[in-house]
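Hi everyone, thanks for making time today. I'd like to walk you through one model, so please have a look at it with me first.

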Amino acid sequence: MPVSPTENVIRFGLFELDMKSGQLSKNGSRLRIAQQPVQLLVLLLERPGEVVPREQLRQRLCSQHTFV
């Protein structure tokens, strides 16, 4: 399920992610989720079935001054 930049909502299983607002829902109920996990979820949804290298995770989730 590739994600195109024009899609606003991605559905997977019982979940729905609004890409614009970063809002995650399950069966229509909003779930509280911090920004960093939302960014991780978006990255994984953009590349379904692929292994995402640690360097790409670090680039997306950490500032350049964070050392992991």
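I'll start with the sheet, then move to one loop, and finish with the salt bridges.

A word on the source: this is a predicted model, where local features need pLDDT of at least 70 and side-chain atom pairs count only at pLDDT 80 or more, while totals for chains, interfaces and linings use all residues. Residues are numbered from 1 along each chain as its sequence is written, and side-chain values use heavy atoms, with hydrogens and water left out.

Strands here are DSSP runs of E of at least two residues, helices are runs of H or I of at least four, and both are numbered from the N terminus. Two strands count as paired if DSSP finds at least two bridges between them.

Let's look at the pairs. β1 and β2 are joined over 4 bridges, and Val9 sits opposite Asp18 in β2. Their hairpin has 2 residues between the strands, and Gly13 there takes a positive phi near 60°. β2 and β3 also pair over 4 bridges, with Phe15 opposite Lys26 in β3.

Now to the loop between β2 (15–18) and β3 (23–26), where you'll find Ser21. What does the side chain of Ser21 have 3.2 Å from one of its polar atoms? That is the backbone nitrogen of Gln23.

On to charges. Side chains of opposite charge can pair when their charged atoms come close. The whole structure has 4 salt bridges, each meaning a side-chain nitrogen of Lys or Arg within 4 Å of a carboxyl oxygen of Asp or Glu. One of them links Arg11 and Glu16, with the closest N and O atoms 3.0 Å apart. Arg11 is exposed at 56% relative accessibility, whereas Glu16 is partly exposed at 31%. The cut-offs are under 20% for buried, over 50% for exposed, and partly exposed in between, with a 1.4 Å probe and protein chains only.

Another pairs Arg58 with Glu55 at 2.5 Å. These two are 3 residues apart in helix α2 (residues 54–61), so about one helical turn separates them.

Conventions. Polar contact = N/O pair within 3.5 Å; in protein donor to acceptor, adjacent residues only side chain to side chain.
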